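Let's learn to read a few backbone and sheet features together. Please have a look at the sequence and the structure first.

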Amino acid sequence: MPDPTAPTAETTGWVPDVLDGFEQLTLPLDPDDEGEVVATLVRRRRDAGDAEPGDVLHGGARPAGVRDRGIDVLYVHGWSDYFFQTGLADFWEAQGSRFFALDLRKYGRSLRPGQTPGFVTSLATYDEDIEAALAAMGHGVLTADPVMRERGLVLMGHSTGGLTLSLWTARNQDRVAGLVLNSPWLEFQARDIGRKVLAPAIALQARLDPRVPLPQVDLGFYTRSVSRTLDGEWDYDLAWRPVRGFVVHGGWLNAVLHGQAAVELGLGITVPVLVLLSTSSTLLPRWTPEMMHSDTALDVVGIARRSTDLGRLVVLARIEGALHDVVLSAAPARAAAYEQIATWVRGYVPEPEPEAGARAPGVGSWAPVRWARSAAGAVGASVRGWAGRARRTPGPRPRRPQA
């Protein structure tokens, strides 16, 4: 990987990224008490000649020969992380989607000298980062581009990024076609009881001094399972993704606990949600070989149970042998995760209506209406299938296996 060289505040427009074949755009944000604040948007770099004939979309052109699915994807990383998962971009582009990744303020490409890495006191602070990214993608609130308004927006978040995007989606549902969560940090490792015991002390500390560091609990086992410098298979910058993670501060943890409490109350998300999780966690104070095939950061059983509080239509996919970041798992688990995403997209994220000339625009072309029709058809098919099975196999229903 090339040496990371963050753009200066004066950098404008898309410039080559630290990842070969990608480019980045610096998104200026409102300064805070630590000075200049930016986020960074990343996309595939392609020459104009690589675009399909008639492709009017700006940036992130899909690979030649791949049919446009009418979907734009925005990916947000987790704690102590940044975007380097080029295979994730390959996957989404192979589905006919435009793919973008966002390095949030004070992470990765967006981290500036003198800043506290990853520090915020409210997850809603990231609304500004997300809005800046969506505006650059053509999905801003005030965009006047009718072509972009017809494209579906799929959000994908990992770990803390999954929690952040869940909360954002609950507040902006009319703008989202679907939400994909990769091991989202929806619940504390000690589950709701531990969170409620810890929250008052953390809240008090956050009020007294939000930047007081908390004890280091990351022993580096997750990095050992992922980084090529140890037992993993992935190359990335250890300055941007440290072996033992960033220092955790009370103000940041208080923000996370508040977000998890909001999930427990129910977010009421009505758009389709896919949650990807490993089948097991290994949360131990010593290294074991099982950590190469399980989640070493979160309690996946607690996350699985909490995911039902996200909304009305939540698909839970448990991936055997997956790591905390399922797309960094060993090849079999990684392939299983990608297959689950592809199946979910085909089933729950509708394609755009035919181009002008095939059908006149109107209410039926509005994205929420298209989704409602698709969902209604899926529900109808499920009901018909269930009724047919009931007729063929009378008798008591089998017990549902435990999660």
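**Reading the backbone and the sheet**

Q: Where is Ser183 found?
A: Ser183 sits in the loop between β7 (178-182) and α5 (191-208). Helices (H or I, at least four residues) and strands (E, at least two) are DSSP runs, numbered from the N terminus. The model you see is predicted, so local features need pLDDT of at least 70 and side-chain atom pairs pLDDT 80 or more, while totals for chains, interfaces and linings use all residues. Residues are numbered from 1 along each chain as its sequence is written, and side-chain values use heavy atoms, with hydrogens and water left out.

Q: Is Ser183 buried or exposed?
A: Ser183 is buried, with 0% relative accessibility. Buried means under 20% relative accessible area, exposed over 50%, and partly exposed in between (1.4 Å probe, protein chains only).

Q: Good, now Lys106: what is its phi?
A: Lys106 has a positive phi of about 65°, and Lys106 is not a glycine either. Look for Lys106 in the loop between β5 (97-103) and α2 (127-137). Lys106 is buried, as its relative accessible area is 1%.

Q: How many helices and strands does the protein chain have?
A: You will find 10 helices and 9 strands in the protein chain.

Q: What is the order of the strands in the open sheet?
A: Strands of a sheet pair through backbone hydrogen bonds, either parallel or antiparallel. Here 9 strands form an open sheet with mixed pairing, in the order β1-β2-β3-β5-β4-β6-β7-β8-β9. Two strands count as paired if DSSP finds at least two bridges between them. At the edges stand β1 (15-16) and β9 (314-319); each has a single partner strand, so one side of each is left without a neighbour in the sheet.

Q: In which sense do strand β3 and β5 pair?
A: Strand β3 (residues 35-44) pairs with β5 in the antiparallel sense, over 4 bridges.

Q: What part of the protein chain counts as buried?
A: The protein chain has 403 residues, and 50% of them count as buried. As for its contacts (heavy atoms within 4.5 Å), those with a separation of 6 or more come to 70% from residues 24 or more positions apart.
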